[in-house]
Amino acid sequence: MSSEPTQTPAVDDEAIGFDDLTRDIAEVPAVEVITTVAVHLMSAAAVKCGLAEGGEKDKDLDEARKLITALAGLITAGAPEISNFHAAPLRDGLRSLQLAFREASIVPDAPGSGPGEKFTGPVYS
């Protein structure tokens with residue numbers, strides 16, 4: 001190990017091709033934006049339901065409820081715009097999260113009162 005400080009070369013946006021690595025939001029199709037946001041909400045909700053590596057440590061059902069409800073609203077509103085081809089797997093993931101939430105709850109919500117069910121209708125196992 002040397003006692004001399006290491007110098008990092010200055011990073012120039014053009015040198016690393018930063019403009020080539022980013023996309024202008026105007027170029028991104030709506031279906032891609034909607035599905036990407038849905039996947040992010042799904043992933044965050046799964047973590048908050050305790051389904052990720054952290055398990056119980058990351059479990060926060062209040063936060064999960066908010067994320068699942070937002071996801072349900074997005075999928076319900078966006079489905080006609082993105083076609084059934086894209087919406088069907090998102091609906092399946094949403095239903096799985098709703099069931100996981102119900103299972104993780106100490107006192108389950110009544111059918112139709114669970115997260116997102118005001119948009120999707122009651123979810124049964």
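## Overall layout

Along the sequence, the elements of this protein follow the pattern α-α-α-α-α. The model is a predicted one. In total there are five helices and zero strands. The protein has 125 residues, and buried residues make up 30% of them.

## The bent helix α4

Helix α4 covers residues 61-104, which is 44 residues. A straight helix of this kind would reach 64 Å at 1.5 Å a residue, but the end C-alpha atoms of α4 are only 8 Å apart. Where is the kink in α4 centred? The kink is centred on serine 83, and its angle is about 135°.

The N-terminal end of α4 is capped by aspartate 60. A side-chain oxygen of aspartate 60 lies 3.3 Å from the backbone nitrogen of aspartate 62.

Leucine 74 is another residue to look for in helix α4. Its relative accessible area is 23%, so leucine 74 is classed as partly exposed; the buried class is kept for values under 20%. Leucine 74 and leucine 41 are 33 residues apart in sequence, while their C-alpha atoms are 9.7 Å apart in space.

Side chains of opposite charge can pair when their charged atoms come close. This structure holds six salt bridges. One of them joins lysine 66 to glutamate 63, with 3.5 Å between the closest N and O atoms. Both residues lie in helix α4, three residues apart, which is about one turn of the helix. An α-helix has 3.6 residues a turn, so residues three or four places apart point the same way.

Are lysine 66 and glutamate 63 buried, exposed or partly exposed? Lysine 66 is partly exposed, at a relative accessible area of 46%, and glutamate 63 is partly exposed too, at 31%.

Aspartate 109 and arginine 65 form a salt bridge in which the closest N and O atoms are 2.8 Å apart. This pair links distant parts of the chain: arginine 65 belongs to helix α4, aspartate 109 belongs to the loop between α4 and α5 (117-120), and the two are 44 residues apart. With 28% relative accessibility, arginine 65 counts as partly exposed.

A further salt bridge is made by the side chains of arginine 102 and glutamate 117, at 2.8 Å from N to O. Arginine 102 is in helix α4 and glutamate 117 is in helix α5, so this pair ties together parts that are 15 residues apart in sequence. Glutamate 117 counts as buried because its relative accessibility is 4%, and buried means under 20%.

Salt bridges can also share partners. In this way Asp62, Glu63 and Lys66 are joined into one network. Asp62 is also the residue whose backbone nitrogen takes part in the cap made by aspartate 60.

Which residues make the nonpolar surface patch? The patch is made by Ile25, Val33 and Val37, and it covers about 250 Å². Isoleucine 25 is found in the loop between α2 (18-21) and α3 (30-48). Because its relative accessibility is 63%, and exposed means over 50%, isoleucine 25 counts as exposed.

Notes: Residues are numbered from 1 along each chain as its sequence is written. This is a predicted model: local features need pLDDT of at least 70, side-chain atom pairs count only at pLDDT 80 or more; totals for chains, interfaces and linings use all residues. Side-chain values use heavy atoms; hydrogens and water are left out. Helices (H or I, at least four residues) and strands (E, at least two) are DSSP runs, numbered from the N terminus. The expected span of a helix is 1.5 Å times one less than its number of residues. The bend at a residue is the angle between axes fitted to the seven residues ending there and the seven starting there. A polar contact is a pair of N or O atoms within 3.5 Å; within protein, one must be able to donate a hydrogen and the other to accept it, and residues adjacent in sequence count only if both atoms are side-chain atoms. Patches are made of residues with over 30% relative accessible area and no salt bridge: like charges are joined within 9 Å, nonpolar side chains (Val, Leu, Ile, Met, Phe, Trp, Tyr) within 5 Å. Accessible areas come from the Shrake-Rupley method with a 1.4 Å probe; for residues, only the protein chains shown count as cover. A salt bridge is a side-chain nitrogen of Lys or Arg within 4 Å of a carboxyl oxygen of Asp or Glu. Buried means under 20% relative accessible area, exposed over 50%, partly exposed in between (1.4 Å probe, protein chains only).
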